[in-house]
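Here is a short report on one protein chain. Look over the sequence and the 3D view before reading on.

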Amino acid sequence: MSILFAAMTLGIASASAQTGDHSQHPTAAASPPANAASQLASGDIVKVDKDAARLTIRHGALAHLNMPAMTMAFRVRSPAMLDQVKPGDKVGFVAEKVNGALTVTLLEAAPAQR
């Protein structure tokens with residue numbers, strides 16, 4: 001009887017794996033994290049590439065991504081973000097890994113310096 005029970009248990013576990021039932025596994029959120037303000041980085045827009053839907057940003061260290069200060073191109077969450085900025089603009093932004101690609105998920109004008 002215990003062999004039958006074990007076989008049935010394995011069969012159920014196997015069926016769950018095959019049907020993609022991942023209800024107990026958290027999924028990556030596409031929205032900015034709740035602590036986005038703490039991850040807000042500052043940077044300067046270097047290039048706006050509407051064809052590739054990318055922003056090149058010179059930025060400081062992004063601690064949550066374990067990334068040093070550098071200049072790099074990021075995907076954008078929404079193509080509308082590309083219309084909000086131009087080269088030379090100072091911005092605050094949040095970058096996250098979305099589907100394996102570094103993506104700007106939040107973009108705002110940098111506060112005026114006093």
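Predicted model: local features only at pLDDT ≥ 70, side-chain atom pairs only at ≥ 80, totals over all residues.

## A lysine and its partner

Lys90 counts as exposed because its relative accessibility is 52%, and exposed means over 50%. Lys90 forms a salt bridge with Asp44, and their closest N and O atoms are 2.9 Å apart. This pair links distant parts of the chain: Asp44 lies in strand β1 and Lys90 in strand β4, 46 residues apart. Asp44 counts as buried, at 19% relative accessibility.

Arg58 is partly exposed, at 44%.

Asp83 and Lys50 form another salt bridge, with closest N and O atoms 2.7 Å apart. Asp83 sits in the loop between β3 and β4, Lys50 in the loop between β1 and β2. Both residues are exposed. Shared partners join Asp44, Arg58 and Lys90 into one network.

## The nonpolar core

The largest nonpolar core has 17 residues. Leu55, Ile57, Leu62, Phe74, Phe93, Val104 and Leu107 touch the most other members. Strands β1, β2, β3, β4 and β5 each give two or more residues to this core. Val104 touches residues including Ile57, Phe74, Met81 and Phe93.

## A look at Glu108

Glu108 is in strand β5. Glu108 is partly exposed, at 37% relative accessibility. Its contacts beyond four places in sequence are Leu40, Val91 and Gly92. Glu108 and Gly92 are 16 residues apart in sequence, yet their C-alpha atoms are 5.3 Å apart.

Note on methods
Residues numbered from 1 in each chain as written. Heavy atoms only, no water. Core = buried A, V, L, I, M, F, W, Y, C linked by side-chain atoms within 4.5 Å. Buried < 20%, exposed > 50% of the residue type's maximum accessible area, 1.4 Å probe, protein only. Helix = DSSP H or I, 4+ residues; strand = E, 2+ residues; numbered from the N terminus. Contact = heavy atoms within 4.5 Å. Salt bridge = Lys/Arg side-chain N within 4 Å of Asp/Glu carboxyl O.
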